[in-house]
Protein chains: 2
Amino acid sequence: MREVIVQGIGQTRVREHWGRSLRDLAAEAGLAAMRDAGVERIDAVFVGNMLSGQTARQENLGALVADWIGQRGAEGFKVEAACASGAAAFRAAFLAVASGALDAVLAVGVEKMTETPGPETTAALATAADADYEGVQGISFVGLNALIMQRYLHEFQWKHTDFGPFSINAHANGARNPNARLRQPITERDYHRARMICDPINLLDASPIGDGAAAALLLPGEKIAAGPRPRIAVAGSAAATDSVAVHDRKDPVFLSAAALSAQRAYAQAEVKPEQIDFFELHDAFSVLAALSLEACGFAERGQGPRLALDGAIRLDGALPVCTQGGLKARGHPVGATGMYQIVEVVQQLRGEAGENQLSKAGVGMAQNIGGSGASIYTHILKSN
Amino acid sequence: MREVIVQGIGQTRVREHWGRSLRDLAAEAGLAAMRDAGVERIDAVFVGNMLSGQTARQENLGALVADWIGQRGAEGFKVEAACASGAAAFRAAFLAVASGALDAVLAVGVEKMTETPGPETTAALATAADADYEGVQGISFVGLNALIMQRYLHEFQWKHTDFGPFSINAHANGARNPNARLRQPITERDYHRARMICDPINLLDASPIGDGAAAALLLPGEKIAAGPRPRIAVAGSAAATDSVAVHDRKDPVFLSAAALSAQRAYAQAEVKPEQIDFFELHDAFSVLAALSLEACGFAERGQGPRLALDGAIRLDGALPVCTQGGLKARGHPVGATGMYQIVEVVQQLRGEAGENQLSKAGVGMAQNIGGSGASIYTHILKSN
């Protein structure tokens, strides 16, 4: 396998982009990544997206985006793995470059969600769940995660308020990220008083939907001349699945696909969890942050919230998470989220993370979750 | 790059499968491919599908199918490229095995279309076109192809009836394929009298929708011991795009993405068009058969129908096409079609094509088209 380098990154702000089309957003991020890499022609573009067919009446995004960024002729397809579509597109791009079949490959994650009426968006998001056994009951995606959180609180004896520091940390970092959807810091008092959405998930446990796109341009290491910028290598790229239906799992409060994909990524990158400098995790709901930390070996079973309560997840902590605001504050344009995570890891590794820059950022990890734990992608990037 | 071998194939019949779910169909084909290959554990499953979000309210098919075939933990995502989703999934699987990252990879194409009310299916299929510039005008997918055919008739001075032999050949072969959706042979008289759908496309120019799944199990050549069965290698795997909107193309009656992807595949496989023994082409509409033959170098510009009129495309001709019925008679369950083509090529190369077996079948080609020429995949398989 060839070494794969992330040579360029690009992103749009996450917000309500009512005046802009899906392809425009994808092109802004994609062209920025190509400029950043100094690449004018690409071989392929793989587009991570979940909802375009349902909300924009548009499929065939590979060809659509290739054309809009001036790369007619390049190959391309859409990759879908629910909210992990972004990381899945990145993985497809990684495999293509690693294989030797293609050289310059663009991975773009893009989603437009805010123009669609709320009930339609909720129904569209529920297609990440099991249509025949969960969706048919009318349960929403928030509802499924609320059941998981309720069970977690019961099983490990935490109070709801113990999850506050996850959201407070995310908002603190998001406030300093110019691309974030929510840039207001929040307090413990805000968290406690937030409106209940689906007990026990309140408004500040849940990430906001949004419109946006993020992209990365991948090249084989052998084609890159040494330059002044740090070389960002994909040291680990792995994925795993679990049952889509939550009730079908051996243990609904353990993300086995996160554990499996993290183990695979650690083995490839030849690192242990303690060597990860920071972690862009998938805090779609605060309970998922805890589950992700536990599955990846950063906390014992049931002890994820401890890392947040102790401040270990803050920028000055032992394992900073969601350094640019995470899903909670940067925002969660579902099919784009996994690519935002990759872009943010690269920013940190390059020392380009602005006010959120970490002092130590040599090995970064991103984990993207599709469905309530069904499709999970873990990537480890290294600066060398 | 590692050599990639198609070690197993599987398919369901194409028909109305009202009593069976999407995952059941995918599992029937996928498990058959695994059994055929003698493989019990896979590393990944990539699922080609276009419409599941819109028609089955189900996304996240990678995890869904992995679970349903007893491969929980294996990675997987859905690949979408409109009607070329099947071949796109096959290409993703090919790249994964070629890279060395994964060994046993299953590509499954699956679609359920017949339970959805007709107008909804028509609207869903229109998401293969450009939503902002074509879909918004209310034009259907058949409508777009009718414009292409009309222009072709005008430009190259063919009569509508000159396209009859494409459909007659497809039905003749489909009648002998136990998995085909339409098993009635048709006559020239039937073709002439067929109901007009969208002038000049009549009912017998158009392929029928359907429900079905087809799958292939890929392994690296280095892991396969010599056996009694012929070794089916993926000698060429290539794709290309053109603008999604037909009016945006330099020439609406030339499939530039077909030409580009075929040239790439020929170069990889080190063959010339005249060395291709048979060709599973994408006859969603009869005019596409002509355009595909021209773009791939089998006929001069505007001369595609000549091959049909002369009988060259028949099983006993110089370049048999649609040997198991093609989209026209085997049926066109859109996201599955590209995988049916691959399965049918393998059947011929193995000498397992039943009553449609060709006497000479050493090098076979499949071409799958997504949108009215926007995303085109060409694969060349060799028996050795």
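I began with a helix pair in chain A: Ser85(A), Gly86(A), Ala87(A) and Phe90(A) of α4(A) touch Gly335(A), Gly338(A), Met339(A) and Ile342(A) of α13(A). Contact here means heavy atoms within 4.5 Å. By class, that contact holds 4 nonpolar, 4 polar and no charged residues. I counted Ala, Val, Leu, Ile, Met, Phe, Trp, Tyr, Cys and Pro as nonpolar, Asp, Glu, Lys and Arg as charged, and the others, Gly among them, as polar.

This is a predicted model, in which local features need pLDDT of at least 70 and side-chain atom pairs count only at pLDDT 80 or more, while totals for chains, interfaces and linings use all residues. Residues are numbered from 1 along each chain as its sequence is written, chains are lettered from A and ligands numbered from 1 in the order in which they are written, and side-chain values use heavy atoms, with hydrogens and water left out.

**Helix geometry.** I looked up the axes next. Helix α4 (residues 85-99) and helix α13 (residues 334-350) of chain A have axes that come within 5 Å and cross at roughly 60 degrees. That makes α4(A) oblique to α13(A). The cut-offs are under 35 degrees for roughly parallel, over 145 for roughly antiparallel, 65 to 115 for roughly perpendicular, and oblique for the rest. Axes are lines fitted to C-alpha atoms, for helices over the stretch in contact, and angles run from 0 to 180 degrees between N-to-C directions. Helices (H or I, at least four residues) and strands (E, at least two) are DSSP runs, numbered from the N terminus.

I then turned to chain B. Helices α4 and α13 of chain B pack at about 60 degrees, with their axes 5 Å apart.

**Symmetry.** How is chain B superposed on chain A? A rotation of 180 degrees does it, with 0.0 Å of shift along the axis and an RMSD of 0.0 Å. That is the relation of a two-fold axis. In chain B, the C-alpha nearest the axis belongs to Ser99(B), 1.7 Å from it. I noted that 100% of the contact residues of chain B recur in chain A.

**Interface.** I found 63 residues of chain B in contact with 63 residues of chain A. The buried area is about 4,600 Å², and carbon and sulfur atoms give 49% of it. Buried area is the accessible area (1.4 Å probe) that two parts lose on being put together, summed over both.

**Salt bridges.** The rule is a side-chain nitrogen of Lys or Arg within 4 Å of a carboxyl oxygen of Asp or Glu. Asp242(A) and Arg72(B) form a salt bridge at 3.9 Å, N to O. Arg2(A) lies before β1 (4-11) and Asp103(A) in the loop between α4 and β4 (105-111), so the pair ties together parts 101 residues apart in sequence.

**Backbone.** Most residues other than glycine have a negative phi, and most peptide bonds are trans. I noted the Asp199(A) to Pro200(A) bond, which is cis, with omega near 5 degrees. Pro200(A) sits in the loop between β5 (196-198) and β6 (201-202) of chain A. The bond from Asp199(B) to Pro200(B) is cis too, with omega near 5 degrees. Asn60(A) is not a glycine, yet has a positive phi of about 60 degrees. I placed Asn60(A) in the loop between α2 (52-56) and α3 (61-68) of chain A.

Notes
Least-squares fit on C-alpha atoms with pLDDT ≥ 70 in both.
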